[in-house]
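Here's a quick briefing for anyone opening this structure for the first time. Have a look at the sequence and the model, then read on.

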Amino acid sequence: FVRVLATLCDPAGRELRKTYANKKVDKIFFDGGAGVEPEKLTGIAEPEDFDAFWAKQKTKLAAVPLKPEMKKVESKIANCDVYEVAIPCPGPRPVTGYLVVPAGAADKSLPAKAFYQGYGVYKQVPPTWTDPKAITFHVNAHGFELNQNDRYYTDFAESIKSNGQQYAFDPKQNENPENAYFNGMALRVLRSLEFLKSLPQWNGKDLIAAGGSQGGLQTVWAAALDPDVTLAQPGIPWGCDYAGGTVGRQEAGWRIPYTRSLDYYDCINHAKRIKCPVEITRAGLGDYTCPPSGVAILYNNLKAPKKINYYQGSTHGFIPDKPQITVRSAQ
């Protein structure tokens, strides 16, 4: 892949600026690129004990009983019940999040969807939208307590730092894959799916995982580690090809320092184990938080029906108006 960066300047070479309705001032730019034969991209060899490692993590999960606590809260969604949920899980914290169930749904009548969060620590609030024909679980990435004051979340963000590094970024913590911050997060993903499958309203057939960025990473874990997932929809997935820089690929500008333990959590290795259809809803050709080369390897490693949408001029957080979208798919 080649990255193309351009900014609009006046004849004197000064960058021109645009003022938005919210008073934000920004340069006028293009950030995109192109790939040549992306289907030939591959990652480094995965750990030999990859499957054994995850079998061990599932054994840890099975040792903790599934005993969810559900508290009904005020719903801002018509004809739906909303619950605060906490579910015991191995590791430092439980699964927490908000469950939305269409009111009066009959047993075994609805598909279930899990939505996973992007990077950061921010107060999670009850959802104000839903699919009226599905059970939806908005899963907290960290398992923190819900409905707390702002100070709680500020203090929580500090508490999960390691050696002064923001969560998941500490090379020392990441030396051992069982000590990595991602370990507890992945176990919470698996438990969240177990919880959805335990609900009486679930139809026993349709189980969907979705999310963007870090939520895309969790979505890939979900589909790889739980064979009951029937559709995965990761967008701008983070955590693809952590080792790319070691073989000369353009790296993310904001990236976790590579350690071999990260390969156990890398999307490109999990992709090989996914059996359900996967749609990568967006891959930005100017996204150097989640570089397009890594997302291409994720797509290449999928053996199930798959689709990827490459967005020209799209960065991690920006999509241009009427973007050029290149779609690749395979059955």
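C80 has a relative accessibility of 8%, so C80 counts as buried (buried means under 20% relative accessible area, exposed over 50% and partly exposed in between, using a 1.4 Å probe and protein chains only). Keep in mind that this is a predicted model, where local features need pLDDT of at least 70, side-chain atom pairs count only at pLDDT 80 or more, and totals for chains, interfaces and linings use all residues. Residues are numbered from 1 along each chain as its sequence is written, and side-chain values use heavy atoms, with hydrogens and water left out.

**Cysteines**
- C9 is partly exposed, because its relative accessible area is 33%.
- The disulfide count comes to 0, where a disulfide is a pair of cysteine sulfur atoms within 2.5 Å.

**Helix α1 against helix α3**
- Helix α1 covers residues 50-62 and helix α3 covers residues 181-198; helices are DSSP runs of H or I with at least four residues, strands are runs of E with at least two, and both are numbered from the N terminus.
- These two helices, α1 and α3, pack at an angle of about 60°, with their axes 11 Å apart.
- Axes here are lines fitted to C-alpha atoms, for helices over the stretch in contact, and angles run from 0 to 180 degrees between N-to-C directions.
- That makes α1 and α3 oblique to each other; angles under 35 degrees count as roughly parallel, over 145 as roughly antiparallel, 65 to 115 as roughly perpendicular and the rest as oblique.
- The crossing of α1 past α3 is right-handed, which is the label when the near helix is turned clockwise from the far one by less than a right angle, with anticlockwise giving left-handed.
- On the α1 side, F53, W54, Q57, K58, K60 and L61 meet N183, A186, L187, L190, R191 and E194 of α3, with contact meaning heavy atoms within 4.5 Å.
- The residues of this α1 and α3 contact split into 6 nonpolar, 2 polar and 4 charged; Ala, Val, Leu, Ile, Met, Phe, Trp, Tyr, Cys and Pro count as nonpolar, Asp, Glu, Lys and Arg as charged, and the others, Gly among them, as polar.

**Helix α3 against helix α4**
- The axes of α3 and α4 come within 10 Å and cross at roughly 60°, so α3 and α4 are oblique to each other.
- Their crossing is right-handed.
- From α3, the contact uses F182, M185, A186, V189, L190 and L193, and from α4 it uses Q214, L217, Q218, W221, A222 and L225.
- By class, this α3 and α4 contact has 10 nonpolar, 2 polar and no charged residues.

**Helix α6, tucked inside**
- All 10 of the 10 residues of α6 (residues 292-301) are buried, so α6 is largely enclosed by the rest of the structure.
- The buried residues of α6 pack against α4 (214-225), α5 (267-270), β12 (278-284), β13 (306-311) and β14 (325-330).

**Loop residues to look up**
- N147 sits in the loop between β9 (135-139) and α2 (150-159), and has a positive phi of about 60° although it is not a glycine.
- With 52% relative accessibility, N147 counts as exposed.
- S213, in the loop between β10 (202-212) and α4, also isn't a glycine, and its phi is positive, near 65°.
- At 12% relative accessibility, S213 counts as buried.
- K161 is in the loop between α2 and α3 and counts as partly exposed, at 37% relative accessibility.
- K161 and V295 are 134 residues apart in sequence and 27 Å apart in space, C-alpha to C-alpha.
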